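Look through the sequence and the model below before reading on.

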Amino acid sequence: VGLLEPVIVRPHPGKAGKWMLIAGARRHQAHLELKRKTLPAIVSDVDAESALAAMLVENLQREDIDPVDEAAAYQTLIGLGWTQARIVTATGRSKAVVSKRLRLLGLPAPVLDRVRTGGISLETAYEAARMVDAVEGITTHDLEALVAYHDGPRLESQLAYRVEEAKRRSAEAALTAKLRESLADRSIPELEGTPKAVTVEGYQ
């Protein structure tokens with residue numbers, strides 16, 4: 001049944017008589033593998049941005065899409081004026097998943113490469129991304145240094161340790177700031193009357 005559904009194409013902007021595939025890449029590939037010469041299609045004369053958005057949304061339906069590419073697709077859609085709510089509706093992803101994926105883009109490229117290859121778990125990457133640029137958190141330089149010196153399980157454990165240390169430092173910094181603010185708000189009561197002299201034994 002899937003092969004009978006038409007793909008969606010638009011006129012190629014730079015090649016007269018040619019078509020640009022907007023949606024239906026997997027159906028198109030299946031027809032090629034079956035060596036079929038024709039393919040049912042619907043022509044949609046949409047603008048370039050709408051065509052790009054449609055292709056991105058379709059690509060996001062792939063089961064094998066890696067989380068970094070997924071995040072980049074979300075970011076591109078946002079650049080096209082999409083809100084996270086619209087992305088959620090179009091892709092069927094939860095708001096939490098979209099938000100977490102986008103957070104990954106705050107990590108340096110070497111770390112994202114390890115996320116792609118499975119060298120760093122998603123959960124650890126999420127925590128690291130959350131702590132980047134946080135108060136007393138982790139710097140991108142710290143993360144790049146970890147990737148340069150560690151690999152595999154060792155990298156995962158070291159990154160998890162750094163994340164926990166950063167969370168502890170951040171919590172301590174927040175508590176210190178709160179205490180300082182609390183002390184600054186306290187006023188010193190004024191003394192009434194004339195100050196009295198105090199005599200300490202041995203001194204006058």
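Glu70 is buried, with a relative accessible area of 3%. Here buried means under 20% relative accessible area, exposed means over 50%, and partly exposed lies in between, using a 1.4 Å probe and protein chains only. This is a predicted model, in which local features need pLDDT of at least 70, side-chain atom pairs count only at pLDDT 80 or more, and totals for chains, interfaces and linings use all residues. Residues are numbered from 1 along each chain as its sequence is written, and side-chain values use heavy atoms, with hydrogens and water left out.

Where does Glu70 sit? Its place is in helix H3, which covers residues 67–79. Helices (H or I, at least four residues) and strands (E, at least two) are DSSP runs, numbered from the N terminus. The side chain of Glu70 makes a polar contact with the side chain of Arg93, at 3.1 Å. A polar contact is a pair of N or O atoms within 3.5 Å; within protein, one must be able to donate a hydrogen and the other to accept it, and residues adjacent in sequence count only if both atoms are side-chain atoms. Neighbours within four places in sequence aside, Glu70 is in contact with Leu60, Ile65, Arg93, Val97 and Arg101. Contact means heavy atoms within 4.5 Å.

Now take the whole of H3. Two packed helices are described by the angle between their axes and the distance between the axes. The axes of H3 and helix H4 (residues 84–91) come within 10 Å and cross at roughly 125 degrees. That makes H3 oblique to H4, since angles under 35 degrees count as roughly parallel, over 145 as roughly antiparallel, 65 to 115 as roughly perpendicular and the rest as oblique. On the H3 side, the contact is made by Tyr74, Leu77 and Ile78, and on the H4 side by Gln84, Ile87 and Thr91. Axes are lines fitted to C-alpha atoms, for helices over the stretch in contact, and angles run from 0 to 180 degrees between N-to-C directions.

H3 also meets helix H6 (109–117). Their axes come within 8 Å and cross at roughly 120 degrees, and H3 and H6 are therefore oblique to each other. Pro67, Val68 and Asp69 in H3 meet Leu112, Val115 and Arg116 in H6.

Helix H5 spans residues 95–104, and its buried residues are Val98, Arg101, Leu102 and Leu104. Seen down the axis of H5, these residues fall within an arc of 145 degrees, so they line one face of the helix. The arc is that of the directions from the helix axis to the C-beta atoms. The buried residues of H5 pack against H3, H4, H6 and helix H7 (122–131).

In helix H8 (residues 140–149), Leu143, Leu146 and Val147 are buried. Viewed down the axis of H8, its buried residues lie within an arc of 95 degrees, so they line one face of the helix. The face turned away from that buried side carries the exposed residues His141, Ala148 and Tyr149.

His150 lies in the loop between H8 and helix H9 (152–185). Is His150 buried or exposed? His150 is buried, with a relative accessible area of 19%. Not counting residues up to four places away in sequence, His150 touches Arg114, Leu155 and Gln158.

Taken as a whole, the protein has nine helices and three strands. Buried residues make up 28% of its 204 residues.
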